[in-house]
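Trainee: I'm new to this structure and would like to learn how to read it. Could you take me through it one feature at a time?

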Amino acid sequence: MRKREKTLYGIIVAALLAVLFIIVSVPRVAHETIEAEAQDTIVPVPFCISPYDSLFKVYADTLGWDWKLLAAVAYVESKFDTAAVSEVGAKGLMQLMPVTALAMGIPEGCERDPEQSIRGAVGYFAYLSHMFRRIPNEERIHFILASYNAGFGHIQDAMRLAQKYGKNRYVWYDNVETYLLLKNDSVYYTDSLCRNGKFMGLETCSFVKKVTRKHKDYLLREERHMQLPPTLVPLLSDTLLVYSEKTGQKDVSKD
């Protein structure tokens with residue numbers, strides 16, 4: 001073979017080897033890049049209860065409450081339905097009465113706005129927390145929830161009755177709760193200590209139990225959620241699947 005032909009042959013062979021190297025290496029590099037990007041997107045999925053979790057977290061901080069307790073109140077009150085209206089006229093996510101909403105600074109007509117509703121409820125909770133400031137924090141929650149449902153005056157009556165009959169006025173279950181239920185009996189609601197008259201306390205006592213039970217349920221679900229392995233989040237996606245307790249379906253919400 002002539003020298004010139006050998007040189008040309010060598011160039012061709014080198015070119016073919018270079019092309020072969022590119023063909024073999026590019027998929028590997030691409031795979032490594034995709035794998036690295038995927039590794040970056042393996043993140044723990046946040047524990048979610050409702051589309052309003054971010055609002056619950058912000059406003060719960062102002063009270064020093066666990067945000068899941070606010071979520072529990074909203075679930076029991078409206079099942080996260082911002083358009084809910086009760087038989088007695090309570091409106092919105094947190095089911096505030098119009099008078100209470102106005103007192104908490106919510107403009108008329110804005111009761112169904114989720115942030116306004118949460119802000120108003122938290123303002124009322126703060127007020128009730130101050131009124132029950134002598135009660136230890138953990139026990140105080142029951143009195144706040146009961147007053148949120150029944151009104152502060154009826155809970156005061158039950159506290160005075162509990163003290164009169166030798167019970168602890170600063171303990172809810174089997175103490176003040178008992179006398180709130182007895183406010184339906186004329187022997188008790190005609191007592192001079194009972195300044196707010198007759199009251200059917202069954203719904204209020206049930207409300208306190210439902211909210212505290214729901215809060216415990218959320219705490220347990222969050223604990224189980226934290227034990228789950230991280231989830232691969234799809235690339236180029238900023239959406240998050242959120243379980244809607246109201247519908248029992250998954251809704252797509254923006255992160």
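Trainee: Let's start with α7: what covers its buried residues?

Mentor: Keep in mind that this is a predicted model. The cover over the buried residues of α7 includes α5, α6, α8 and α9 (186-189).

Trainee: How many residues of α7 are buried?

Mentor: A residue counts as buried when its relative accessible area is under 20%. In α7, 10 of the 13 residues pass that test, so the helix is largely enclosed by the rest of the structure. Among them are F152, G153, H154 and I155, and also D157 and R160.

Trainee: What should I look at for the length of α7?

Mentor: Compare its reach with the expected span, at 1.5 Å a residue. From first C-alpha to last, α7 covers 19 Å, close to the expected 18 Å. Just after α7 comes G166, with a positive phi of about 80°.

Trainee: And α6, how many of its residues are buried?

Mentor: Here 11 of the 14 residues are buried, so α6 too is largely enclosed by the rest of the structure. The buried ones include E139, R140, H142, F143 and Y148. Their cover includes α3, α5, α7, α8 and α10. As for length, α6 should span 20 Å, and its end C-alpha atoms are 20 Å apart, which agrees. After α6 comes G151, whose phi is positive, near 100°.

Trainee: Now the core. Which residues touch the most other members?

Mentor: The general idea is that nonpolar side chains tend to be buried together in soluble globular proteins. In this model the largest nonpolar core has 56 residues, and F56, M94, F125 and Y148 touch the most other members. Helices that each supply at least two residues of this core include α2 (53-63), α3 (67-78), α5 (114-131) and α10 (202-226). The largest share, 8 residues, comes from α3.

Trainee: What is Y148 in contact with, away from its neighbours in sequence?

Mentor: Leaving out anything within four places in sequence, Y148 is in contact with V73, E77, M94, L96, A121, Y124, F125, L128 and F207.

Trainee: How many aromatic pairs does the structure hold?

Mentor: There are 13. To read one, look at the distance between ring centres and the angle between planes. For Y124 and Y148 the centres are 5.9 Å apart and the planes stand at 40°, so the pair is tilted. This pair links distant parts of the chain, with Y124 in helix α5 and Y148 in helix α6, 24 residues apart. Y124 and Y148 are both buried. Another tilted pair is F132 with F143, at 5.6 Å centre to centre and 50° between the planes. F132 sits in the loop between α5 and α6, while F143 is in helix α6. Ring pairs also link W65, Y124, F125, Y127 and Y148 into a cluster.

Trainee: Which residues lie over the face of a ring?

Mentor: K57 lies over the face of W67, at 4.9 Å from the ring centre. K214 does likewise over Y75, at 4.4 Å from the ring centre.

Technical notes:
Residues are numbered from 1 along each chain as its sequence is written. This is a predicted model: local features need pLDDT of at least 70, side-chain atom pairs count only at pLDDT 80 or more; totals for chains, interfaces and linings use all residues. Side-chain values use heavy atoms; hydrogens and water are left out. A nonpolar core is a set of buried Ala, Val, Leu, Ile, Met, Phe, Trp, Tyr and Cys residues joined through side-chain atoms within 4.5 Å. Buried means under 20% relative accessible area, exposed over 50%, partly exposed in between (1.4 Å probe, protein chains only). Helices (H or I, at least four residues) and strands (E, at least two) are DSSP runs, numbered from the N terminus. Contact means heavy atoms within 4.5 Å. The expected span of a helix is 1.5 Å times one less than its number of residues. Rings of Phe, Tyr and Trp (its six-membered ring) pair if their centres lie within 6.5 Å; planes under 30 degrees apart count as stacked, over 60 as edge-to-face and the rest as tilted. A charge sits over a ring if NZ of Lys or CZ of Arg is within 6 Å of the ring centre and within 35 degrees of the ring normal.
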